[in-house]
Amino acid sequence: MAKIKISFPDSSKKSFDKGVTALSVANSISEGLARESVAVEVDGETQDLSTKLNKDSKINFLKSTSEKGLDVLRHSAAHVLAEAVLKVRPKAKLTIGPVIEDGYYYDFDTEPFHPEDMPKIESEMKKIVDSKTPFKRREVSKKEAEKIFKNNKYKLELINDLKGKISVYTHGDFTDLCVGPHVQHTGQVKAFKSMKFAGAYWRGDSKNKMLQRVYGTAFGDKKELRKHLMMLEEAEKRDHRKLGRHLDLFSFHEEAAGMPFWHPNGMVLKNELIQYWREEHKKEGYTEIETPIILNKKLWMSSGHWENFRENMYFSKIDGDDYAIKPMNCPGGMLLYKEKSHSYKEFPLRVGELGLVHRHELSGVLSGLFRVRSFTQDDAHIFMEESQITTEIARLIAFTDRVYKLFGFEYSVELSTRPEKSIGTDKQWELATKGLKEGIKKAGLAYEVNEGDGAFYGPKIDFHIRDAIGRTWQCGTIQLDMSLPERFDLTYVAENGSKKRPVMIHRVIYGSLERFIGILIEHYAGKFPLWLNPRQVRILTVADRFNDYADKVRVDYESLGIRVEVDDRTETISKKVREAQLDYVNYILVVGEKELKDNTVTIRTRNNEVVGAKDYKAFKNEVLEEIKKKK
RNA sequence: GCCUCCGUGGCUUAGCGGUAUAGCGCGUCAUUGGUAAUGACGAGGUCCCGAGUUCAAUUCUCGGCGGAGGCUCCA
């Protein structure tokens with residue numbers, strides 16, 4: 001019998017009979033390996049363990065704890081889910097069931113699910129898992145596949161699009177069209193949880209029928225599953241909508257859905273971010289402007305927004321004329337640029353604007369501060385000569401980096417290219433895209449490319465920041481725009497005296513103040529660093545007779561801009577400490593007999609660290625120092 | 001916009017075809033207390049809005065408004 005050589009990750013080699021299954025190979029190493037492996041990588045390609053090996057290969061057994069193994073496990077879990085749903089809803093039609101970031105889903109054409117269906121589905125899944133039914137792969141012809149799925153128009157549509165081999169997987173009496181691979185048997189799907197129901201359109205297109213989706217997740221073992229569920233709980237605790245109410249930062253009202261109302265404490269946060277923004281922009285050589293919120297329709301026609309953004313805009317009629325509420329700041333900025341003539345000597349001309357914009361987002365996508373209909377962009381437009389693009393982009397990236405680092409955000413960068421719906425010529429797009437790429441290179445960053453994901457007026461660089469619990473958010477963006485200068489006929493006088501067209505960049509760093517604050521709330525779980533926290537210091541009095549002293553300290557601290565309040569209610573110290581900690585006050589100062597005598601305050605933090613007594617003026621300076629450092 | 005679920009005093013929440021729980025918060029009184037909830041008493045609700053069914057609707061039905069989770073990381 002012919003022999004083949006199998007090599008393993010540790011570069012050891014063994015010889016086997018040709019046609020040996022990967023599972024037998026695993027068994028020859030150890031029973032445990034065979035039992036725990038869910039799939040195998042053969043020359044880099046993930047396959048079933050039942051795969052027969054016919055030539056010399058490099059193989060790597062995958063356990064469900066590895067990333068690739070986990071994908072296989074989850075995909076198998078999706079099949080188990082599909083079978084369970086068919087038990088509960090025999091008439092449901094299967095559509096697709098892919099693996100996603102934290103689990104998997106499966107879409108069915110069936111009547112909507114209701115919460116009481118979940119336990120039924122889960123218990124059917126458990127039965128299937130307990131039965132330890134093996135997964136079997138079969139390759140079939142297109143005709144055969146069409147015969148198997150003749151009653152399922154979705155599968156037929158998929159089959160019709162398929163090229164090459166078609167495979168089906170069966171476990172028990174359940175069969176599904178699937179590339180695989182799958183785990184050995186359903187018993188390997190031991191740590192799973194069905195999460196939620198949702199409506200989802202066939203192929204994601206709202207013109208198609210709405211299907212019923214079941215989301216689930218699965219892990220290699222129950223411990224990992226528990227860990228994941230706990231992470232979700234942690235994320236829920238940090239939910240900025242809850243913390244925003246708890247900390248009295250902002251609210252929403254049905255009279256203006258999707259448009260935040262900022263409370264005094266929220267304004268403190270917003271203003272601190274704005275102040276920091278102004279300081280940094282001054283250092284970077286920006287000036288600041290403000291343009292109107294309501295502008296005539298004619299402007300939006302010349303800018304191209306009428307053509308490309310109308311469905312997201314709000315309108316108003318004034319004195320019989322049509323006006324629009326600005327969804328972007330740029331057109332107003334263009335008018336300001338045209339106010340006077342410009343010379344290359346001013347370039348790069350950096351103009352910042354904290355612009356309040358309104359966009360009519362679909363009601364179903366609104367979500368706290370993350371997706372709103374009115375928000376403040378920390379916008380800026382930079383006008384320059386073509387030769388300055390690369391340097392300016394690199395400089396902007398360094399600037400953005402500095403801002404994100406302050407908040408402890410790691411980030412990644414993506415470059416988005418020309419979308420289908422766009423304005424401008426091919427040549428302009430090419431030049432703009434090249435400018436961005438070179439700028440990123442000069443800044444020394446790695447980046448991904450999203451083809452066709454750019455704005456309608458130009459290519460862009462997006463910054464995705466990673467928060468304290470690993471979630472990513474799109475914030476900053478740098479967009480090169482060679483279309484608006486054209487449309488508005490912007491010019492400058494070049495060194496040789498000729499009139500030329502400037503290149504323009506739009507960019508934001510926070511993205512929007514609203515969204516950035518939402519992210520910060522969740523990132524810090526409401527425990528803001530001192531410089532940002534609306535509640536920096538609270539003084540607690542032990543008894544009424546110390547109120548005057550507490551007030552003296554308060555006035556002294558306030559005179560230097562420290563945000564301080566006195567809790568002189570006739571409650572116990574314990575209660576006042578507890579409440580101050582629940583309000584995430586950075587420093588809790590207790591004053592009583594001995595503090596009054598020694599001119600001190602006794603300090604404790606929101607994290608329950610006991611600092612002890614300090615001279616109140618000395619501590620004031622420590623606080624000021626910490627605020628200044630923005631730590 | 002579409003699908004599912006939800007909407008009860010400021011907040012969290014129980015409940016139900018006969019106008020409603022509790023806790024926190026709030027107010028008053030007592031307590032002046034030294035580091036995560038002092039005690040007693042009290043006020044506060046058109047049960048999101050509108051229509052329908054019913055002797056009777058916060059509860060059931062329909063519509064609206066608002067909120068939550070989703071709506072191509074493709075067999």
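1. Ground rules. Residues are numbered from 1 along each chain as its sequence is written, and chains are lettered from A and ligands numbered from 1 in the order in which they are written. Because the model is predicted, local features need pLDDT of at least 70 and side-chain atom pairs count only at pLDDT 80 or more, while totals for chains, interfaces and linings use all residues.

2. The helix pair. Helix 13 (residues 389-406) packs against helix 14 (residues 426-443) at about 55°, and their axes are 7 Å apart. Helices (H or I, at least four residues) and strands (E, at least two) are DSSP runs, numbered from the N terminus. Axes are lines fitted to C-alpha atoms, for helices over the stretch in contact, and angles run from 0 to 180 degrees between N-to-C directions. That angle makes helix 13 oblique to helix 14. (Under 35 degrees is roughly parallel, over 145 roughly antiparallel, 65 to 115 roughly perpendicular, and the rest oblique.)

3. Their contact. Residues are in contact if their C-beta atoms, placed from the backbone, lie within 7 Å. By class, the contact has eight nonpolar, three polar and two charged residues. (Ala, Val, Leu, Ile, Met, Phe, Trp, Tyr, Cys and Pro count as nonpolar, Asp, Glu, Lys and Arg as charged, and the others, Gly among them, as polar.)

4. Five strands form an open sheet in the order 32-31-33-34-35, with mixed pairing. Strands pair if DSSP finds at least two bridges between them. Strand 32 (564-567) and strand 35 (610-615) are the edges; each has a single partner strand, so one side of each lacks a neighbour in the sheet. The twist averages 25° from one strand to the next.

5. Inside and across the sheet. Strand 34 pairs with strand 35 in the antiparallel sense over five bridges. Helix 18 lies across strands 31, 32, 33 and 34, at about 170° to strand 31. Helix 20 (residues 616-629) lies across strands 31, 33, 34 and 35, at about 120° to strand 35.

6. The RNA surface. Of the 60 residues around RNA strand B, Gly199, Gly204, Gly364, Ala543 and Gly592 come nearest. (Near means a C-beta atom, placed from the backbone, within 6 Å.) Helix 18 gives the largest share of this surface, seven residues. By class, the surface has 27 nonpolar, 18 polar and 15 charged residues.

Key. Two residues are in contact if their C-beta atoms, placed from the backbone, lie within 7 Å.
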